[in-house]
Each structure stands twice: as C-alpha cells, then as structure tokens.
Amino acid sequence: MVDVAVGRGSVKDLRRASAATRLRYALKRKSTVAFLMTLPLILLIAVLVIYPAFYAIHLATLNKSMTRFVGFGNFRFLFKRDTFWMVVEQSCIFAITAVIFKALIGFIVAHFAHNIPSGKQRKWRGMLLVPWVIPPAMSTLAWLWLFDPSYSAFNYTLGLFGIAPVSWLGEVGWARFSVILVNVWYGAPFFMIMYLASLKSVPDQLYEAAAIDGANWWQRIWYVTLPMMRNIIAITTLFSLIVTFANFDIVRILTSGGPLDQTHLFATWAFKIGIEGSDIPLGASISLFMAPILAIAAYFILRDVTKRGNEA
Amino acid sequence: MSSFAIDKAGPGRKVKFGSMSRDRVWALRWSYFFLTLFAIIALLPPIYMLITSLKSSAEISAATNPWWVFHPTLSNYHELLTSNQFLRFFGNSAAISIAVVAITMAISIPAAFALSRMKFWGSATLATGVFLTYLIPDSLLFIPLFKMFALFGDWTGIQLINRWYVLIFIYPTLTVPFCTWIMIGYFASIPKELDEAAIIDGASWFQTLTRIFIPVALPGLIAATIFAFTVSWAQFLYPLVFTTSTDQLVLPVGIITTLIKGDVFNWGQIMTGALLGAAPPLVIYAFLMDYYIAGLTAGATKG
C-alpha cells in the first residue's frame with residue numbers, strides 16, 4: 001500500500017532523484033510522520049498501561065513492606081486462605097450468571113424492539129438504554145436506597161402483598177442476588193443495542209425464504225437469526241465477561257463485599273486489601289488473578305479481529 | 001404449510017392473508033407490552049431518585065408510601081446547589097472531564113489517522129494492540145498505578161497523590177484506546193480517492209487531516225468525544241484510590257463519602273446528588289442519542 005506516498009516536497013525531489021530513491025525517500029518521510037503522530041499514543045500506553053501491568057507482577061513478588069523479594073509467597077498465602085477461594089467462586093458465579101442474563105434479556109428485548117415499526121423504535125431504544133448511560137456509581141446508589149431494609153421501596157411494595165420484608169443486602173443469598181440483579185440491569189441495555197443493530201443487518205430475504213420453507217418462529221431464530229448474529233454475540237459476550245469480571249462500582253457501593261466478605265469480587269477485595277489495608281503487594285497479587293480471563297478473551301477477540309481484517 | 005398455500009394462490013386468497021396480519025397485530029401488541037415492562041424496570045431507579053429527591057427528611061423517615069411525594073420540596077436541591085463542597089465536586093468533575101476529552105482527542109485523532117492511512121512498520125500490530133489495551137480493566141491497574149504515582153512523588157518531590165488533577169493523567173488510559181479504535185474505523189471508511197485528490201492538490205498530511213478527515217468523520221469524532229466525556233464523568237475506582245481530601249474529590253466519590261456520614265443516610269440529599277451527577281451524561285444522551293449509540297456499536301462492529 002504505497003499508493004499515496006508523496007508529501008509536499010515531492011515536486012522538488014521529482015527533478016533530482018531517480019524513481020527508486022524517490023520512492024524510498026517518500027516512504028521514509030511518510031513513516032516518520034506517521035510514527036510521530038502515533039508517538040503520544042505509544043508513550044501513553046507504554047507508560048500508563050503496559051508498565052503498570054508488569055509492575056503489578058513485580059509488586060506481587062514483594063513482602064508487605066515492599067523491602068524483600070518473596071517470590072510466590074503472596075500467592076501461596078492466598079491459596080491457603082478460605083476468603084480467596086470464596087472470592088474466586090463468587091467472581092465466577094457473578095460474572096457468568098450476570099453475563100448469561102444480560103445476553104438473554106438483551107436478545108429478547110432487542111427482538112421486541114425490532115418487531116415494532118421502525119419510526120417508533122428510536123423512542124423505545126432511547127428509554128431502554130438509560131441504565132447504561134447513568135454513571136454506575138450513581139444508579140447503584142438508587143438501588144442501595146431501593147434495597148434499604150426499613151424504609152425501602154421494595155419491602156414496602158412486598159408488604160402490600162403481605163410478604164415479610166427481605167434483608168436484601170444483609171443475607172448472603174439475597175446479597176449475591178442483588179449485586180447480580182443490579183449488574184444485569186446496568187448491562188443488559190448494552191447487549192440490547194448491539195443485538196438490535198445486528199438484527200437490522202440480517203437481510204429480510206432470509207426470513208422470507210425461511211417462511212416459505214415453513215419454518216416456525218423458533219426455527220427462524222435458531223437457523224437464521226442466531227447464525228447471522230454469531231459474531232456479534234461472541235464479541236459482546238466476551239467483552240462483557242471481562243467488564244463484569246473486573247466489576248468494582250456495584251459491589252463496592254452496594255455491599256462493600258459484605259456480609260462476611262461473601263460478595264467480594266477480585267476488584268473489591270484487592271481494593272480492600274491493597275488500598276484500605278495498605279498491603280499493596282497482596283492487593284496486586286489478587287488483582288492479577290483477573291489476567292487469565294483477560295488473556296483468554298483477548299485470544300478469541302484477536303482471532304476475530306485479524307479474521308475480519310483479512311476480509312476487509 | 002400455510003405460507004406455502006399463500007405463495008401458490010397468490011393475492012386471491014384474502015382469508016389467509018388476513019390471518020397473517022392478525023398474527024402480526026398480536027405480535028405487535030405483545031412487543032409493546034413487554035417493551036413497556038422492560039422500560040419501567042429500566043427507568044425505575046432514576047425515577048425513584050427523582051421521587052426521593054423531592055422529599056424532605058421528615059417525610060422519608062415517616063415511612064409513608066415511598067412511591068409518592070406528598071409534600072414536594074426543592075430544599076434538597078437548594079441545599080446541594082448552594083453548598084460549596086458540592087459545587088467543588090461538580091467543578092472538579094467538569095474540569096477533569098473536559099481536560100481528558102481534550103487530551104484524548106489530541107492523542108487519538110493523529111494516531112488514528114496515521115494508523116488508518118499511513119501504513120508503516122508495525123502499524124497493523126499497533127492497531128490491534130490499541131484494541132487489546134482497551135480490554136485491560138481499571139481494576140487490574142489501580143494498585144500499580146497508585147504505587148507508581150506515590151514513588152514518583154517520593155523521587156521528584158512533585159506530589160500527585162490526593163490531587164484532583166492526577167486523574168487527568170490517568171483517565172486517558174481508559175479513553176484513548178477506545179477512541180483511537182473507533183476513529184480508525186471511521187477514517188478507514190473514508191474513500192481513498194478523497195485524500196488522494198487532496199494530496200494531488202498539494203495538501204500536506206496535516207492539511208489532509210484537518211481539511212478532509214476531520215470534517216468527513218465528524219460523526220465519529222462526536223461519538224468519541226461523548227464516550228471520553230461519559231467515561232471520565234462516571235469513573236469511580238481511580239478517584240476513590242487517588243483522592244481522599246474532601247476538596248479534591250470528584251462527584252461520584254464525593255457524594256458517597258461526604259453525604260453518607262457514619263450510619264446516617266440522608267437519602268433525600270444522596271438521591272439529589274446522584275441525580276445531579278447523572279444529569280450531564282443524561283442530557284448529552286438526550287440530545288445526541290444517535291451519536292452515542294453509533295459510538296457504542298462502532299466499537300464492536302467496525303474493524
């Protein structure tokens with residue numbers, strides 16, 4: 001791709017240089033300019049993303065006062081603690097359940113939104129995306145107030161039906177349910193928007209052909225919609241899995257990991273140990289456990305990205 | 001089978017056609033029904049914020065019907081909007097978000113231009129790398145970043161921890177990769193003939209960028225700006241880690257740490273603060289919804 005490789009000084013060069021050197025000169029010039037244009041980006045990523053990522057690995061091998069190298073000492077310590085395994089379990093339950101429900105609800109809502117006349121879709125889409133637009137810290141505060149044990153709107157409403165008040169954030173099972181509920185509420189609109197955009201790109205002829213072949217609605221979804229949306233479903237799910245796995249705001253505000261550390265995720269526990277407990281190396285070790293899921297997702301996304309790059 | 005019959009009989013078979021449209025009508029009604037249901041769930045927390053923000057503390061603690069305001073009052077708004085502390089949070093958030101938007105654009109527009117048009121050694125790898133960086137979550141980096149800035153303060157004597165402006169350096173790690181990525185997508189969709197024509201007319205690379213690419217890719221630029229602003233405005237973890245003094249806090253952290261005093265929750269004010277904190281992104285969204293959604297979907301579908 002060396003088609004438009006000439007800059008401003010090219011007319012002058014044209015006279016004095018042979019074709020080969022002229023091309024080389026221009027190329028060199030262009031790549032220098034391009035490199036300079038990307039330099040701030042490269043510096044930013046190198047200094048504030050790549051370096052801290054490796055620095056986290058270094059920190060994880062130090063003792064609490066960061067004076068001595070302890071190798072895998074922090075990890076060995078973590079593996080012996082019950083809280084750690086609880087956090088692993090809760091992170092997996094939280095991320096997988098939340099992503100499944102977000103994807104399912106997003107898929108269903110996208111279909112309903114796709115069904116109605118396109119003139120009215122804009123209004124509905126606008127309302128349904130509101131949870132994604134509000135900063136999660138702010139909307140989680142509203143949920144915290146909705147869940148409030150004594151004055152809460154939920155328990156009041158349940159009371160109207162004669163149901164005893166629920167300790168939404170005080171009991172382990174309910175607390176886990178609540179954090180997942182808020183996460184699904186926050187994340188499902190994102191899936192809805194992605195699926196809606198992808199539904200619109202499925203050609204109508206495919207559905208017409210399926211209808212002529214006598215396919216019912218379920219077969220149309222299974223044999224037409226899903227295969228056409230496979231790519232977008234895969235990429236949104238992977239993306240959401242990372243974000244949900246690394247979630248901080250919702251759990252921090254809603255339960256701060258309680259009751260009895262039962263709703264901690266890697267991020268909130270790392271914050272509690274590393275920043276609040278000022279054991280930075282241990283906190284860094286905990287947050288590093290988010291890296292494997294990241295690597296797996298990155299592998300699949302990378303495969304997808306390069307595949308698309310070749311098609312284009 | 002029935003559809004097959006229509007196909008054969010053509011337009012003469014009115015009865016079948018009628019039943020099909022009746023199915024459609026019912027499908028439409030069900031769609032509206034469920035959409036209404038989901039919209040109520042989606043809007044429940046913000047509406048509840050609004051309801052609570054209009055109540056006085058006395059009404060909240062009287063535990064009357066939480067879904068209705070019996071004595072609406074604007075005292076919560078009045079109190080917050082005249083409190084210097086709250087205005088300080090708002091100012092910090094606004095200053096940071098605007099600075100981050102400016103930095104993000106200054107970094108990602110030239111980078112996206114170079115990566116999409118000026119192929120150079122390693123440019124493809126770099127473009128993929130940018131996307132991967134976007135996937136690294138803030139909760140993985142906050143501890144090493146905190147330590148780095150603390151050490152930086154020890155070495156140079158420039159104290160950055162517990163200063164609101166430190167966030168201006170940190171937030172671009174969240175915004176630049178994604179904005180660069182979507183700008184690459186928008187720039188790549190501009191026909192090559194356009195910049196070739198510009199170069200033939202004697203435009204420099206810089207002129208090609210400012211006269212051709214930026215005007216043509218303006219929708220993408222707006223989408224990226226909205227993204228950068230909302231991310232900076234909503235960010236909660238970094239300010240919680242990096243700032244502690246009340247005059248250095250940004251809005252989300254400020255509301256949570258100052259309005260919740262011990263076990264006393266002044267819910268009327270908290271909800272007012274939360275609503276005011278959610279207002280800027282909501283207003284932007286209300287006016288620029290199409291750009292917002294375009295940016296959201298461009299991240300995954302382009303490239």
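**Exercise 1. A helix pair in chain B**

Which residues in α5(B) meet which residues in α14(B)?

*Solution.* Residues are numbered from 1 along each chain as its sequence is written, and chains are lettered from A and ligands numbered from 1 in the order in which they are written.

Step 1: the residues. Q85(B), F89(B), F90(B) and S93(B) of α5(B) meet L251(B), G254(B) and T258(B) of α14(B). Two residues are in contact if their C-beta atoms, placed from the backbone, lie within 7 Å. Helices (H or I, at least four residues) and strands (E, at least two) are DSSP runs, numbered from the N terminus.

Step 2: the geometry. Helix α5 (residues 84-117) of chain B packs on helix α14 (residues 251-259) of chain B at about 155 degrees, and the axes are 8 Å apart. Because of that angle, α5(B) is roughly antiparallel to α14(B). Axes are lines fitted to C-alpha atoms, for helices over the stretch in contact, and angles run from 0 to 180 degrees between N-to-C directions. Angles under 35 degrees count as roughly parallel, over 145 as roughly antiparallel, 65 to 115 as roughly perpendicular and the rest as oblique.

Step 3: The contact of α5(B) with α14(B) has three nonpolar, four polar and no charged residues. Ala, Val, Leu, Ile, Met, Phe, Trp, Tyr, Cys and Pro count as nonpolar, Asp, Glu, Lys and Arg as charged, and the others, Gly among them, as polar.

**Exercise 2. Two partners of α9(B)**

Describe how α9(B) packs with α12(B) and with α6(B).

*Solution.* Step 1: α12(B). Helix α9 (residues 172-188) of chain B and helix α12 (residues 218-234) of chain B pack at about 165 degrees, with axes 10 Å apart. So α9(B) is roughly antiparallel to α12(B). The crossing of α9(B) past α12(B) is right-handed. A crossing is left-handed if the near helix is turned anticlockwise from the far one by less than a right angle, and right-handed if clockwise. Residues in this contact include F178(B) and I182(B) of α9(B), and A224(B) and F227(B) of α12(B). By class, the contact of α9(B) with α12(B) has eleven nonpolar, three polar and no charged residues.

Step 1: α6(B). The axes of helix α6 (residues 123-135) of chain B and α9(B) come within 8 Å and cross at roughly 135 degrees. Therefore α6(B) is oblique to α9(B). The crossing of α6(B) and α9(B) is left-handed. Among the residues in contact are V130(B) and F131(B) of α6(B), and F178(B) and W181(B) of α9(B). The contact of α6(B) with α9(B) divides into eight nonpolar, two polar and no charged residues.

**Exercise 3. Single residues**

Is E59(B) partly exposed or buried?

*Solution.* Step 1: E59(B). E59(B) lies in helix α3 (residues 57-61) of chain B. E59(B) is partly exposed, because 18 other C-beta atoms lie within 10 Å. A residue is buried if 20 or more other C-beta atoms lie within 10 Å of its own, exposed if 12 or fewer, and partly exposed in between; C-beta atoms are placed from the backbone. Leaving out residues up to four places away in sequence, E59(B) touches T64(B), F70(B) and H71(B).

Step 1: Most residues other than glycine have a negative phi. S278(A) has a positive phi near 40 degrees. S278(A) has 11 C-beta neighbours inside 10 Å, so S278(A) counts as exposed. N162(B) has a positive phi of about 65 degrees.

**Exercise 4. Chains, interface and confidence**

How many residues of chain B are in contact with chain A?

*Solution.* Step 1: the interface. 86 residues of chain B are in contact with 83 residues of chain A. Helix α2 (residues 14-53) of chain B gives the largest share of chain B's side, 16 residues. That side divides into 66 nonpolar, 15 polar and five charged residues.

Step 1: confidence. The model scores ipTM 0.82 and pTM 0.82. Chain A averages a pLDDT (the predictor's confidence in each residue, from 0 to 100) of 80. Chain B averages 81. Over residues 1-17 of chain B the pLDDT is below 50. In chain A, pLDDT stays under 50 over residues 1-9. Where pLDDT is low, the predicted coordinates should not be read in detail.

Note on methods: This is a predicted model: local features need pLDDT of at least 70, side-chain atom pairs count only at pLDDT 80 or more; totals for chains, interfaces and linings use all residues.
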